Amino acid sequence: MLAHLREDIACVFERDPAARSTWEVLTCYPGLHALTLHRVAHWLWQVRFRWLARFLAHLVRWATGIEIHPGATIGRRVFIDHGMGVVIGETAVISDDCTLYHGVTLGGTSWSKGKRHPTLLRGVVIGAGAKVLGPITLGEGAKVGSNAVVVRDVPPGATAVGIPARIVDAGRDSVREEQAEKMGFSAYAITKNEDDPLAKAIHGLLDHAVETDRRLACLLKAVERSGVSLEDDMATADKFDPNYLSKIVD
């Protein structure tokens with residue numbers, strides 16, 4: 001238990017620049033409190049003191065705002081930052097070195113008694129407010145953007161954003177590692193240059209529509225210059241406003 005606690009404190013200093021002292025981390029970090037007491041509750045759950053395990057988890061929820069079912073399996077050096085509103089279901093599995101931010105839900109999508117919650121492999125980062133639902137697997141080093149809703153497996157090293165979540169970058173190579181070192185730790189699992197792929201696609205369609213409108217306008221002018229009269233509804237049709245739609249997408 002003491003070794004786990006030392007590792008947990010060290011990972012807080014590694015991943016949270018706001019941490020200033022060991023005493024501050026021990027007394028003021030609800031994620032640390034929740035994970036430490038979860039180990040006790042999980043042990044009680046395994047030795048079949050089920051009610052006592054649930055009651056301890058309930059007290060931890062009341063004290064920290066973090067709800068972890070005592071049946072959940074959580075590895076070493078897991079960091080829950082801020083923590084308020086985090087919910088982790090009974091059959092969830094969180095491997096070593098994972099990071100969760102406030103408002104994260106590792107939930108289920110069915111009432112079946114079997115495996116119904118996600119599995120997070122080593123080094124997964126889940127941004128604030130994200131929901132990861134169902135018996136899916138997030139591969140090693142995967143990231144989930146803030147407020148994303150993930151209902152399918154995420155490949156190792158990939159970044160998932162949006163509702164429902166889509167993969168931004170499934171590459172896991174030396175270039176990605178170099179970029180990660182330059183950027184430092186991405187606190188909310190998404191950086192400003194990782195746009196939602198759906199938004200990118202819509203903006204591409206808007207650009208194409210603008211260009212199509214420009215060409216049609218040129219054709220209409222050429223037709224008028226040739227002496228062909230146009231119908232009134234064709235000549236006075238409403239103009240397409242791409243800027244308005246771009247604002248909606250953004």
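Two strands are taken to pair if DSSP finds at least two bridges between them, and strands (E, at least two residues) and helices (H or I, at least four) are DSSP runs numbered from the N terminus. The structure described here is a predicted model, in which local features need pLDDT of at least 70 and side-chain atom pairs count only at pLDDT 80 or more, whereas totals for chains, interfaces and linings use all residues. Residues are numbered from 1 along each chain as its sequence is written, and side-chain values use heavy atoms, with hydrogens and water left out.

In the mixed sheet, which is open and has 6 strands, the order is β3-β6-β9-β12-β14-β15. Its edge strands are β3 and β15 (166-167), each of which pairs on one side only. Strand β14 (residues 159-161) runs antiparallel to β15, with 2 bridges between them, and V161 stands opposite R166 in β15. The loop between β14 and β15 contains P164, which is joined to I163 by a cis peptide bond with an omega of about -10°.

A further open sheet is formed by 4 strands in the order β2-β5-β8-β11, with parallel pairing. Because β2 and β11 (137-138) stand at the edges with a single partner strand each, one side of each is left without a neighbour in the sheet. Strand β8 (residues 119-120) pairs with β11 in the parallel sense over 2 bridges, and in this pairing L120 stands opposite L138.

Helix α3 (residues 30-46) has 17 residues, and its end C-alpha atoms lie 24 Å apart, in agreement with the 24 Å that it should span at 1.5 Å a residue; the expected span is 1.5 Å times one less than the number of residues. Several residues of α3 are buried (under 20% relative accessible area, where exposed means over 50% and partly exposed lies in between, with a 1.4 Å probe and protein chains only), namely G31, L32, A34, L35, H38, R39, A41, H42, L44 and W45.

In the loop between α3 and α4 lies R48, which has a positive phi of about 75° although it is not a glycine. With a relative accessibility of 62%, R48 counts as exposed. A positive phi, of about 65°, is also found at N147, again not a glycine, in the loop between β12 (143-144) and β13 (149-150). Most residues other than glycine have a negative phi, and most peptide bonds are trans.

The structure holds 2 cavities of 30 Å³ or more. A cavity is a set of points, on a 1 Å grid over the protein atoms alone, where a 1.4 Å probe fits but cannot get out, and lining residues have an atom within 4 Å of a point; grid points are joined across faces, edges and corners, and a volume is the space filled by probe spheres set on the points. The largest cavity has a volume of about 60 Å³ and is lined by A34, L37, H38, A41, L56, A57, V60, I66, E67 and I68. Two or more residues of this lining come from each of α3, α4 and β1, and α3 gives the most, with 4 residues. The second largest cavity, of about 30 Å³, is lined by L35, H38, R39, I74, G75 and V78, and the largest share of its lining, 3 residues, again comes from α3.

Conventions:
1 Å grid on protein atoms, 1.4 Å probe; cavity = no way out; pocket = protein on both sides within 12 Å on 5 of 7 lines; lining within 4 Å.
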